[in-house]
Amino acid sequence: MEGEGGSGQYGAPSQGIPAFQQLGDEAEAVQQVGSGVIVADNLSVDDDAGYESDSATTASTSVSSSIWDFSFENGRRYHKFREGRYNFPNDDVEQEREDMKHAMVKMLCQKLHFAPLDNPHEILDLGTGTGIWAIEMGDTYPSANVLGIDLSPIQPQWVPPNVRFMVDDVESPWLHPKNHFDYIHSRHMIMAIKDWDSLLRTSYDHLKPGGWIELQEIHHFPMSTNNTLASDHPVAQYWQYVDEGLINLGVSFRTSNEGRIAAAMRECGYVNVTERVFHIPIGTWPKNKTLKSVGLYWKTILLDGIQAIALGPMTRGLHWRREQVEALLVSVRKGYHDNSLLLYMPLVCVYGQKPESQ
């Protein structure tokens with residue numbers, strides 16, 4: 001989920017793309033993505049020649065030995081604890097991609113969180129992945145205890161002294177007492193959670209009065225600034241198949257659509273609910289240099305993960321053969337390189353507070 005691309009005191013740097021350079025136009029970039037009006041660079045609306053990814057994808061309970069095992073399917077590695085609960089791989093290629101996602105979101109948003117935290121003592125990161133967000137939060141708030149939870153034991157061992165990780169399923173009963181956490185964070189979990197209402201209620205119960213929850217989720221259905229993305233375009237079809245497969249596996253991929261998370265928070269009893277939406281460009285078509293870099297990062301992340309995202313939903317959910325999936329991916333890869341479509345995906349950031357009086 002970081003430090004640009006995961007470099008820093010703790011953890012390993014991402015090897016995907018060189019770290020971002022501060023380009024001096026971050027404020028303009030934030031204004032454009034927040035307003036939903038990204039200015040296109042007329043010189044960059046052709047195919048992204050030279051930017052192609054060469055990785056056509058080679059792609060808690062007590063700790064027992066089985067938790068540290070992994071399962072393998074279609075040439076990719078998956079978690080063993082609660083096997084099949086999460087439909088996407090956790091191998092090294094996917095971990096690097098997750099760290100790139102963190103670097104991209106950090107460049108786009110210019111911060112680790114939006115909730116107005118005031119000296120938090122107990123911080124929980126749901127679906128911590130590689131643990132990079134939790135590690136950076138531990139550095140940012142050295143007096144806080146930061147706990148990251150995930151189904152996969154893939155986090156580094158060398159971490160700040162106030163950061164720890166636990167292998168567990170966030171949709172199972174929580175081990176911590178109620179009214180315990182000051183801040184609960186979750187990002188990129190839209191592909192994993194089956195019952196968001198239940199998770200929000202559990203989070204509410206375990207937050208201290210006045211504590212905050214924040215969800216940051218990408219709505220993965222690509223949109224076109226100039227309305228040129230047809231429903232039969234390979235990229236659009238790809239995400240439709242992923243959506244259908246996840247539905248069959250019990251996961252609603254559309255919960256991240258603008259307004260739904262905020263409405264669910266209010267229904268659960270959270271107050272001061274705030275939603276911010278940022279448009280993430282796909283490709284190098286924006287004129288703004290920072291957004292051009294963000295778009296390059298995001299397109300590379302999508303291309304590097306094109307197989308990882310598709311295999312679980314399509315083979316498990318739609319019962320396709322791997323060969324069928326790979327055949328589809330050929331046209332999808334080509335489709336992502338068309339800058340003239342001016343594609344983007346919304347990043348929806350929602351935070352809310354448990355009332356002070358409980």
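## A buried tyrosine and its partner

Tyr 270 is buried, with a relative accessible area of 4%. Buried here means under 20% relative accessible area, exposed means over 50%, and partly exposed lies in between, using a 1.4 Å probe and protein chains only. This is a predicted model, in which local features need pLDDT of at least 70 and side-chain atom pairs count only at pLDDT 80 or more, while totals for chains, interfaces and linings use all residues. Residues are numbered from 1 along each chain as its sequence is written, and side-chain values use heavy atoms, with hydrogens and water left out.

The structure holds eight aromatic pairs. In one of them, the ring centres of Tyr 204 and Tyr 270 are 5.1 Å apart and the planes meet at 85 degrees, so the pair is edge-to-face. This pair links distant parts of the chain, 66 residues apart. Tyr 204 is in helix 4 (residues 196–206), and Tyr 270 is in the loop between helix 6 (260–268) and strand 9. Helices (H or I, at least four residues) and strands (E, at least two) are DSSP runs, numbered from the N terminus. Rings of Phe, Tyr and Trp (its six-membered ring) pair if their centres lie within 6.5 Å; planes under 30 degrees apart count as stacked, over 60 as edge-to-face and the rest as tilted.

## Charges over rings

Tyr 204 is buried too, at 13% relative accessible area. The charged end of Lys 354 sits over the ring of Tyr 204, 5.2 Å from its centre. For this, NZ of Lys or CZ of Arg must be within 6 Å of the ring centre and within 35 degrees of the ring normal.

Elsewhere, ring pairs join Phe 221, Tyr 238, Trp 239 and Phe 253 into a cluster. Phe 221 also has a charge over its ring: the charged end of Arg 254 is 4.1 Å from the ring centre.

Is strand 10 (residues 343–353) enclosed or open? Of its 11 residues, 11 are buried, so strand 10 is largely enclosed by the rest of the structure. In a regular strand the side chains alternate between the two faces of the sheet. In strand 10, Leu 343, Met 345, Leu 347, Cys 349, Tyr 351 and Gln 353 point one way. Tyr 344, Pro 346, Val 348, Val 350 and Gly 352 point the other way. Both sets are buried.

Strand 10 runs antiparallel to strand 7 (residues 207–218), and seven bridges join the two. Two strands pair if DSSP finds at least two bridges between them. Trp 212 stands opposite Gln 353 in strand 10. Strand 8 (residues 223–224) is antiparallel to strand 10 as well, with two bridges. Ser 224 has Leu 343 as its bridge partner there. Nine bridges join strand 9 to strand 10, again antiparallel. His 279 has Pro 346 as its bridge partner in strand 10.

## Two buried strand residues

Val 273 lies in strand 9 (residues 271–281). At 13% relative accessibility, Val 273 counts as buried. Apart from neighbours within four places in sequence, Val 273 is in contact (heavy atoms within 4.5 Å) with Ala 262, Met 265, Arg 266, Val 350, Tyr 351 and Gly 352.

Asp 150 belongs to strand 4 (residues 145–150). Its relative accessibility is 15%, so Asp 150 counts as buried. Leaving aside neighbours within four places in sequence, Asp 150 is in contact with Gly 127, Thr 128, Gly 129, Gln 155, Met 166, Val 167 and Asp 168.

## Helix 7

How many residues of helix 7 are buried? The count is 14 of 16, and the helix is mostly covered. At 1.5 Å a residue, helix 7 (residues 289–304) should span 22 Å, and its end C-alpha atoms are 22 Å apart, which agrees. The expected span is 1.5 Å times one less than the number of residues. At the start of helix 7, a side-chain oxygen of Asn 288 reaches to within 2.9 Å of the backbone nitrogen of Thr 290.

## Two asparagines with positive phi

Asn 119 has phi near 55 degrees, a positive value in a residue other than glycine. Asn 119 lies in the loop between helix 2 (92–109) and strand 3 (122–126). With a relative accessible area of 46%, Asn 119 is partly exposed.

Asn 179 is not a glycine either, yet has a positive phi of about 55 degrees. The loop between strand 5 (163–167) and strand 6 (181–187) holds Asn 179. Asn 179 counts as partly exposed, at 40% relative accessibility.

Technical notes: A polar contact is a pair of N or O atoms within 3.5 Å; within protein, one must be able to donate a hydrogen and the other to accept it, and residues adjacent in sequence count only if both atoms are side-chain atoms.
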